[in-house]
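Sequence and structure go in here first.

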Amino acid sequence: MPKIKWLIICIGCLLIASETFAACKGNTINAPPNSQNRDRNWVKSDKSIFFATKDKIFKTWFNSNERILLTDKFNKGGAFKLSQDKNYMYYRGYTKEAGFTSYLYNLRSGEDYELQILNNINEFEFSPDSKKAILINIHGNYKLLNFVIMNLENKTFESVPYPKEVFTINDFRGIEAKWSLDARYVYLRLIAYPIGANFEYDITSKKMTKIGDQYQHYEPLPLQWKYCLPNISMGGANAVIDEAYNLNVTTPEGNTILVDKGEYDDCEGVTICLISWVEDGKYLIYSNPSHIKYIYGLEENKKAILFDSDVYYFGWENSEDLDSEALRNSKERELPISYSGAQKAGAR
């Protein structure tokens with residue numbers, strides 16, 4: 001046989017061997033390089049995502065580039081929270097004409113309701129049963145007489161006087177409000193120096209009682225935009241930032257995949273950030289050194305841009321990724337994104 005045929009056969013054998021080697025347990029595989037690819041049709045998850053730029057809030061899906069504008073009322077702002085029952089979104093922003101304003105958006109009917117009961121709302125907390133909300137607009141030494149409990153269904157308001165200690169306690173700094181697990185009580189923590197105080201308001205009996213600092217309250221899970229974790233695991237897959245600032249994923253079979261490369265910045269620190277897994281460890285969401293958010297598919301060994309760097313807040317429904325130990329131990333707390341159904345632009 002001519003030498004050139006032997007050469008072709010040998011090269012073919014090497015290619016087959018290399019592919020077999022890459023598929024064996026415990027070996028390193030490289031993910032595709034970063035690109036401007038935004039096509040996410042290959043993603044096998046139709047979960048909805050909410051995200052905000054500096055002046056708009058949108059809805060989109062993991063497996064679609066379609067986006068639906070929910071609001072563009074502000075020049076800047078767009079911070080939002082969603083109720084646990086998937087029906088309501090609270091959001092707040094700023095315009096030169098009106099200053100800071102707050103709205104309650106009904107995600108099923110599309111109704112947008114301005115919350116004029118209090119000016120400059122500092123705190124808004126949905127109840128665990130998604131029937132009520134606490135509205136607070138007290139900050140630092142700016143003291144008002146009441147906080148407000150809103151009935152979300154009929155848009156009625158109950159004005160509740162603060163305990164007198166708000167006005168007499170030494171070096172008052174502010175108030176933190178929390179719901180009880182059964183949504184019957186509102187817990188108020190008066191922040192003061194050197195010693196604060198705690199109160200329990202019974203929304204049925206309308207009674208305010210001073211209590212100790214040991215009480216069990218509703219603690220919502222954080223939105224995904226708050227995460228920046230060194231490692232996260234789910235469904236047998238593990239993502240980790242190594243000592244060289246590279247993002248590596250270990251598959252359930254034991255293969256290691258180099259997904260992306262980070263770096264260290266003297267001002268920002270490590271510039272690659274793990275955010276969460278989606279769909280029981282099938283998809284990884286992370287932020288690269290340019291602050292672009294990517295979705296990486298473990299089975300597909302593909303990635304695509306999820307958000308550009310101008311997205312400030314984001315979260316998605318049914319956050320099973322929050323089951324991981326690292327996220328359960330996160331000190332940042334916000335309400336979870338959880339939503340499905342129709343909104344004003346129509347059901348998808």
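**Aromatic rings, notebook entries**

I started with a group: Phe51, Phe58, Phe307 and Phe314 make up one aromatic cluster. I'm working from a predicted model, so I keep that in mind throughout.

Next I checked for charges over rings. Phe58, a member of that cluster, has the charged end of Arg67 over its ring, 4.9 Å from the centre. I also found Lys73 over the face of Tyr103, at 4.9 Å from the ring centre.

Then I went for the pairs. How many aromatic pairs does the count come to? I get 15. I noted one of them in detail: Phe147 and Tyr201 are edge-to-face, with 6.2 Å centre to centre and 90° between the planes. The angle is over 60 degrees, which is why I file this pair as edge-to-face.

Which parts does this pair tie together? Phe147 belongs to strand β11 (residues 146-151) and Tyr201 to strand β15 (residues 197-202), so the pair links parts 54 residues apart in sequence.

Buried or exposed? I looked up both: Phe147 is buried at 0% relative accessible area, and Tyr201 is buried at 4%.

I then turned to Tyr185 and Tyr187, a stacked pair with 6.5 Å centre to centre and 25° between the planes. For burial, I have Tyr185 at 18% relative accessible area and Tyr187 at 7%. The cut-off for buried is under 20%, so Tyr185 counts as buried, and Tyr187 is buried too.

Definitions and conventions: Residues are numbered from 1 along each chain as its sequence is written. This is a predicted model: local features need pLDDT of at least 70, side-chain atom pairs count only at pLDDT 80 or more; totals for chains, interfaces and linings use all residues. Side-chain values use heavy atoms; hydrogens and water are left out. Rings of Phe, Tyr and Trp (its six-membered ring) pair if their centres lie within 6.5 Å; planes under 30 degrees apart count as stacked, over 60 as edge-to-face and the rest as tilted. Helices (H or I, at least four residues) and strands (E, at least two) are DSSP runs, numbered from the N terminus. Buried means under 20% relative accessible area, exposed over 50%, partly exposed in between (1.4 Å probe, protein chains only). A charge sits over a ring if NZ of Lys or CZ of Arg is within 6 Å of the ring centre and within 35 degrees of the ring normal.
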